[in-house]
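Have the sequence and the model at hand as you read.

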Amino acid sequence: RSSAPVRGPLLDGPPAALVLMQLFNETGGPQWFQSDNWGSGTEFAPCDWFGVTCDAPASVSGLDLTSNNLLGDPQAVSNLINLTSLNMSGNALGSAVPSFADCDKLTFANLSSCNFGTVPSDWPPIETLDLSM
């Protein structure tokens with residue numbers, strides 16, 4: 001199998017595994033409370049990683065890393081364009097709210113107790129959004 005980025009009808013942009021590993025690295029992944037399988041396998045493996053839900057092979061539709069000791073600014077998460085559900089509540093994340101301008105499928109986002117600022121104006125309409133402290 002080639003190590004080149006995989007693109008296809010399910011992936012627009014960088015492969016989900018690469019985006020998730022960028023998220024892992026920018027939020028102190030080695031210190032997470034749970035990180036089962038993160039970084040293991042191939043670009044098709046993220047569906048087996050802790051907190052990751054897929055709606056098709058290598059197409060990440062959900063991410064739940066609630067109270068998992070994430071630290072930093074999770075900007076990479078905004079590159080998961082097939083994301084429909086995101087829960088990163090209860091982590092010590094930075095003040096820069098990720099831009100989800102390209103995540104038009106996102107309907108649920110719980111970013112409560114993360115110390116985020118205001119929502120960027122380019123966010124898509126999100127049915128359920130929690131930024132409470």
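## The disulfide

The S-S bond of Cys47 and Cys54 has a torsion of about -95°, so this disulfide is left-handed. The model is a predicted one, where local features need pLDDT of at least 70 and side-chain atom pairs count only at pLDDT 80 or more, while totals for chains, interfaces and linings use all residues. Residues are numbered from 1 along each chain as its sequence is written, and side-chain values use heavy atoms, with hydrogens and water left out.

The structure holds one disulfide, a term for a pair of cysteine sulfur atoms within 2.5 Å. In the bond between Cys47 and Cys54, the S to S distance is 2.1 Å.

Cys103, in contrast, is buried at 0%, and Cys114 is buried at 1%. (Buried means under 20% relative accessible area, exposed over 50%, and partly exposed in between, with a 1.4 Å probe and protein chains only.)

## The sheet

An open sheet of five strands runs in the order β1-β2-β4-β6-β7, with mixed pairing. Its edges are β1 (52-56) and β7 (128-130), each with a single partner strand, so one side of each has no neighbour in the sheet. From one strand to the next, the twist averages 20°; axes are lines fitted to C-alpha atoms, and angles run from 0 to 180 degrees between N-to-C directions.

Strands are DSSP runs (E, at least two residues), numbered from the N terminus, and two of them pair if DSSP finds at least two bridges between them. Strands β2 (residues 59-64) and β4 (residues 85-87) run parallel and are joined by three bridges. Gly62 stands opposite Ser85 in β4.

Terms used
Helices (H or I, at least four residues) and strands (E, at least two) are DSSP runs, numbered from the N terminus.
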